[in-house]
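Subject: Structure handover

Hello,

Here is the structure for you to look over. My notes on it follow below.

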Amino acid sequence: MGEDMSDGHEHNGHENVPSRQRRRFPGISSRAYEHPADRSALVALRKLSGFDTVFKALSGLLPERSLRLLFLSDSVRVSDQQFAHLNDMLRDACYILDLEKVPPMYVNQDPVPNAMCIGLDEPIIVVTTGLVELLDEEEMRAVVGHEVGHALSGHSVYRTILLFLTSLAVRVAWIPLGNLAIMAIVTALREWFRKSELSADRAGLLVGQDLQSSMRGLMKLAGGHHLHQMNVDAFLKQAEEYEAGGDLRDSVLKILNVLPRSHPFTTVRAAELKKWAESRDHQRIMDGHYPRRSEDKDTSVTDSFRESASHYANHVKSSKDPLMKLVTDIAGGAGDLGGRVRRGFGGFTSTPPKDEPRRDDQDGQDSGN
């Protein structure tokens, strides 16, 4: 079973933190909170032609010692003497998720709110001053838990390679075809990393154990300090409108808009996290029923694939996005696909033109529903 803990326990001498009990999860495996899309994207990434070669080469060449020295020399290392409240949160998060070794954490001067977990041999957590100034204590607790979740999942290795390759792609842009190969891997890495953020958001919720704080933090990332001008329900409604709105042109634009991003859109992250928080899977973890790290070696890869495939099938089936509806119709053998596509690019749910008769399925219902 998970264990209750209070913030004043002697294990890490917490002070100046909310005096409420939170549950901890001894031996928890990252499989407990990893989003199925995270695992699927990582599998696809590893199958990408040339990725293994690049990965092995960069693992030996990346200047990790230089990276650590850079943050040591030009950022503030979190400790009992510096940013003590962040140090409390970090140790607390590691205790809750049972991460044995607490990773070094640095605060970097940057007005842009951001946080990252990088490193090949050992993870390093970096948060910007913009983020520290933007979030309150409980919101920040979820972010620290988010980054500890990245560390527990081993995401820092791929994140480091993504940062390096993104920089390298700019430097070799003048080399014919060379940049194309790098950008293919960068694009695949970005797709995986966006999905890994959904996993880490779940880890942040397991650490903070306050859904409203997680929601507020995401809203602030989207709209800044003006929390009194924002509303969680309205913010989540934006996510629903984003998914369902528009026609096929908008669906294509959504894909193009997200490709260069390292993170999913904040409204989408909020909706995904709320959905998981209300799920049976989340409740089972809170009740102490979750996969353990000791069982990881016995985990079936086939079962993971099957779970991921099932997730995607359910996502496509339940999605309100016009493109996903069309995919579902194609899979279901809907008739008059040519007409459906033509109407889709002019308004997916619009009335068929006069010279294009309405086609009904066998039940007498419009195949567009």
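A contact here means heavy atoms within 4.5 Å. With that cut-off, take the contacts in the protein chain that have a separation of 6 or more: residues 24 or more positions apart account for 70% of them. Please keep in mind that this is a predicted model.

Overall make-up. The protein chain has 16 helices and 6 strands. It runs to 369 residues, of which 46% count as buried.

Helix packing

Two packed helices are described by the angle between their axes and the distance between the axes.

Helix 4 and helix 6. Helix 4 covers residues 84-96 and helix 6 covers residues 137-153. Their axes lie 9 Å apart, at an angle of about 50°. An angle under 35 degrees would be roughly parallel, and 65 to 115 would be roughly perpendicular. Helix 4 and helix 6 are therefore oblique to each other. The crossing of helix 4 past helix 6 is right-handed. On the helix 4 side, the contact uses L86, M89, L90, D92, A93 and C94. On the helix 6 side, it uses E137, M140, R141, V144, G145 and V148. By class, this contact of helix 4 with helix 6 holds 8 nonpolar residues, 1 polar and 3 charged.

Helix 6 and helix 9. These axes come within 8 Å and cross at roughly 90°. That makes helix 6 roughly perpendicular to helix 9. Helix 6 contributes E138, E139 and A142. Helix 9 contributes S213, S214, R216, G217 and K220. The class count for the contact of helix 6 with helix 9 is 1 nonpolar, 3 polar and 4 charged.

Helix 9 and helix 12. Helix 9 spans residues 211-223, and helix 12 spans residues 266-277. The axes come within 9 Å and cross at roughly 170°. Angles over 145 count as roughly antiparallel. Helix 9 and helix 12 are therefore roughly antiparallel to each other. From helix 9, the residues in contact are L211, S214, M215, L218, L221 and A222. From helix 12, they are T266, R269, A270, L273, K274 and A277. The contact of helix 9 with helix 12 divides into 8 nonpolar, 2 polar and 2 charged residues.

S214 of helix 9 is listed in the contact with helix 6 and also in the contact with helix 12.

Cysteines

How many disulfides does a search of the whole structure find? The search finds 0. To count as a disulfide, a pair of cysteine sulfur atoms must be within 2.5 Å. For C94, the closest cysteine sulfur is in C117, at 9.8 Å, so the gap is too far for a bond. C94 is buried, at 2% relative accessibility. C117 is buried too, at 4%.

F83 is not a glycine, yet has a positive phi of about 50°. F83 sits in the loop between strand 3 (76-77) and helix 4. D98 also has a positive phi, near 60°, and is likewise a residue other than glycine. D98 lies in the loop between helix 4 and strand 4 (105-108). Are these residues buried or partly exposed? F83 counts as partly exposed, at 29% relative accessibility. D98 counts as partly exposed as well, at 27%.

Two single residues

L48. This residue lies in the loop between helix 1 (36-47) and helix 2 (51-61). L48 is partly exposed, with a relative accessible area of 28%. L48 and I185 are 137 residues apart in sequence, but their C-alpha atoms are 7.5 Å apart. Which residues does L48 touch, not counting residues up to four places away in sequence? They are A184, I185 and A188.

M219. This residue is in helix 9. M219 is buried, with a relative accessible area of 3%. Leaving aside neighbours within four places in sequence, M219 is in contact with G224, L227, M230, N231, V232 and F235. L236 is 17 residues from M219 along the chain, and the two C-alpha atoms are separated by 9.6 Å.

Best wishes

Conventions
Residues numbered from 1 in each chain as written. Predicted model: local features only at pLDDT ≥ 70, side-chain atom pairs only at ≥ 80, totals over all residues. Heavy atoms only, no water. Axes fitted to C-alpha atoms, helices over the stretch in contact; angles between N-to-C directions. Helix = DSSP H or I, 4+ residues; strand = E, 2+ residues; numbered from the N terminus. Left-handed = near helix turned anticlockwise from the far one by under 90°. Nonpolar A, V, L, I, M, F, W, Y, C, P; charged D, E, K, R; others polar. Buried < 20%, exposed > 50% of the residue type's maximum accessible area, 1.4 Å probe, protein only.
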